[in-house]
Amino acid sequence: MDLRRKLPTRPPSSSSTKSAVDRSTSPVPKASDALPLPLYLTNGIFFTLFFSVAYYLLHRWRDKIRSSTPLHVVTLSELAAIVSLIASFIYLLGFFGIDFVQSFIATSPRGDDCDEVDDSFDTVAEQSKDFINMKDPNYIINTKDPNYSYLLSEDDEQIVNEVVRGSVPSYSLESKLGDCFRAASVRRRALERATGRSLVGLPLDGFDYEAILGQCCEMPVGYVQLPVGIAGPLLLNGCEYMVPMATTEGCLVASANRGCKAIFSSGGATVILLKDGMTRAPVVRFATSERASQLKFFLEDAVNFDTLSVVFNKSSRFARLQNIRCSIAGKNLYIRFTCSTGDAMGMNMVSKGVQNVLDFLQNDFPDMDVIGISGNFCSDKKPAAVNWIEGRGKSVVCEAVVTEDVVKKVLKTTVPALVELNMLKNLTGSAVAGALGGFNAHAANIVSAVFIATGQDPAQNIESSHCITMMEAVNNGKDLHVSVTMPSIEVGTVGGGTQLASQSACLNLLGAKGSNRESPGSNARLLATVVAGSVLAGELSLMSAIAAGQLVKSHMKYNRSNRDIASTV
Ligand code: ADP
């Protein structure tokens, strides 16, 4: 039996305009709706069966007492009567039990005085009515309708009730059902029912839920769609790249594309990878600062490095310890391990290596109290000077000389205007603002769009967007030298979201998909250079728009939804 059915639903507008009176009259779907016979008939049959066999058995019981026959000696007809009694009892108990619980659930979140309840919940109820309509051969299922939804089998509706009741934990659905799509469908319906809110518009179908199990997302109920735009070709070190950017910010891709054109027309950009090492810094505590210092000296002594490397590198064939830096706060020691991680972004890998070293150190420092595997000196997903100064992940510098002609024709501004704006905005302005790594116009815009398209951890956008943009007039003041220096781009091409179909396709477009077998790590390094090159293009274009006074005009044209404006004014 096909457990998943997709049905067209009414447009949300019609349901969202329903009045509270309409709502109170809308039938709430019940498990009993799916019975093959009319409800009164099924109930009648089981009631009759229950009372007639009960009467028969009591009669037989009385006869046996009179004739002194032992009660446990039963004839075939008595056995059949007992089985029928039990069966009808189970049916009646199950039926009324479920309906009682359902009536309870249906009334509690949707009481008349509950103004917060989303009217579109009615759409869900109506979809369930449509389930019955499917028996009509003229019923047309339009799966292309963006408002179509899903319907569940009787068994799954039963599980939905158990999830809403709390007797089946939502997180256990994947293991209980052994089917990730089914689990997501049941969880979603339970969520809609428990909250009284519709999820119409959040797609469910068309996603591989097996692929995210145990590694990308827990308790899924659907997926969010994002458009992917393409900027390019980006000419970097003589190679052309078409850059995928996932964003909902109008102008962004167009702007990066214009920057790519300016770079291309000027002969391309040069990109250099300066460093490649992921970090993790646990915090450990001692009874005295003296003991903490002893461990610091031990860890930073070059004599011990080889031994510590052997212990650390056991975590993975790709993990190679590069250095250990320590910082003390009283009797607490923060130990920053840096290691190469191949094509992985590397957080898991470096954490495993750190755990190995901590276990090893307990032999010589049994009084060391490990407070946490991460003590924030790493520093992951937070703005921190340590990443800005020391680097984290990939440290990259990218430069280009954009000719006077291109600045004029493609970027519609002048070299002196760009140089002045860069000085006063990206350098002085950011200094005035007390920026940490934010000496740029909008590096984070480009970084997050490329990160999302290629399956990176979007939270690492924070340190990955640290960037200083420099602009200088060269060749007797005619041309523009522009560069971006980014010390902490954290990217990988294996692990995490990179293996999912859409993200993997975007990596493939860049020629950086998965693990590089000939030279492990070069795919991730390539991705980091493409990120820096794209940031260079983005900086050039936005700075030019600001210098030429075009920013507000272009955003009014491309970054404002007329539909929204029309509906709100
Ligand atoms: P992260 O450390 O970025 O969180 P994962 O631990 O999820 O990444 O993924 C890294 C896994 O991929 C490791 O098990 C590693 O052995 C494997 N792997 C396969 N090929 C490579 C490669 N070229 N570089 C790094 N890791 C690789």
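Helix H16 passes helix H19 in a right-handed crossing, where right-handed means that the near helix is turned clockwise from the far one by less than a right angle, and left-handed that it is turned anticlockwise. This is a predicted model, in which local features need pLDDT of at least 70 and side-chain atom pairs count only at pLDDT 80 or more, while totals for chains, interfaces and linings use all residues. Residues are numbered from 1 along each chain as its sequence is written, and side-chain values use heavy atoms, with hydrogens and water left out. Helices (H or I, at least four residues) and strands (E, at least two) are DSSP runs, numbered from the N terminus.

**H16 against H19**

- Two packed helices are described by the angle between their axes and the distance between the axes.
- H16 covers residues 443-453 and H19 covers residues 522-547; they pack at about 135°, with axes 9 Å apart. Axes are lines fitted to C-alpha atoms, for helices over the stretch in contact, and angles run from 0 to 180 degrees between N-to-C directions.
- That angle makes H16 oblique to H19. Angles under 35 degrees count as roughly parallel, over 145 as roughly antiparallel, 65 to 115 as roughly perpendicular and the rest as oblique.
- On the H16 side, the contact is made by Ala443, Ile446, Val447, Val450 and Phe451, and on the H19 side by Val531, Ser534, Val535, Gly538 and Glu539. Contact means heavy atoms within 4.5 Å.
- Sorted by class, this contact of H16 with H19 has 7 nonpolar, 2 polar and 1 charged residues. Ala, Val, Leu, Ile, Met, Phe, Trp, Tyr, Cys and Pro count as nonpolar, Asp, Glu, Lys and Arg as charged, and the others, Gly among them, as polar.

- Helix H9 (residues 252-265) packs on H19 at an angle of about 100°, and their axes are 7 Å apart. H9 and H19 are therefore roughly perpendicular to each other.
- Residues making this contact include Ser255, Arg258 and Ile263 of H9, and Gly533, Leu536 and Ala545 of H19. The contact of H9 with H19 has 9 nonpolar, 6 polar and 1 charged residues.
- Helix H15 (residues 415-432) crosses H19 at roughly 100°, and the two axes come within 10 Å. H15 and H19 are therefore roughly perpendicular to each other.
- Among the residues in this contact are Leu418, Leu421 and Lys425 of H15, and Glu539, Met543 and Ile546 of H19. By class, the contact of H15 with H19 has 6 nonpolar, 3 polar and 2 charged residues.

**Around the ligand**

- The ligand is surrounded by 13 residues, and the closest are Asp343, Gly346, Asn348, Met349 and Ser515. A residue is near the molecule if one of its heavy atoms lies within 4 Å of it.
- A ligand nitrogen atom is 2.7 Å from a polar backbone atom of Asp343.
- A ligand oxygen atom is 3.2 Å from a polar backbone atom of Met345, and an oxygen atom of the ligand is 3.2 Å from a polar backbone atom of Met349.

**Backbone details to look up**

- Gly232 and Pro233 are joined by a cis peptide bond with omega of about 5°, and Pro233 lies in strand S3 (residues 228-236).
- Another cis peptide bond runs from Cys378 to Ser379, with omega near -5°. Ser379 sits in the loop between strand S9 (369-372) and helix H13 (385-390).
- Asn237 has a positive phi of about 50° although it is not a glycine, and Asn237 lies in the loop between S3 and strand S4 (239-246).

Note on methods:
A polar contact is a pair of N or O atoms within 3.5 Å; within protein, one must be able to donate a hydrogen and the other to accept it, and residues adjacent in sequence count only if both atoms are side-chain atoms.
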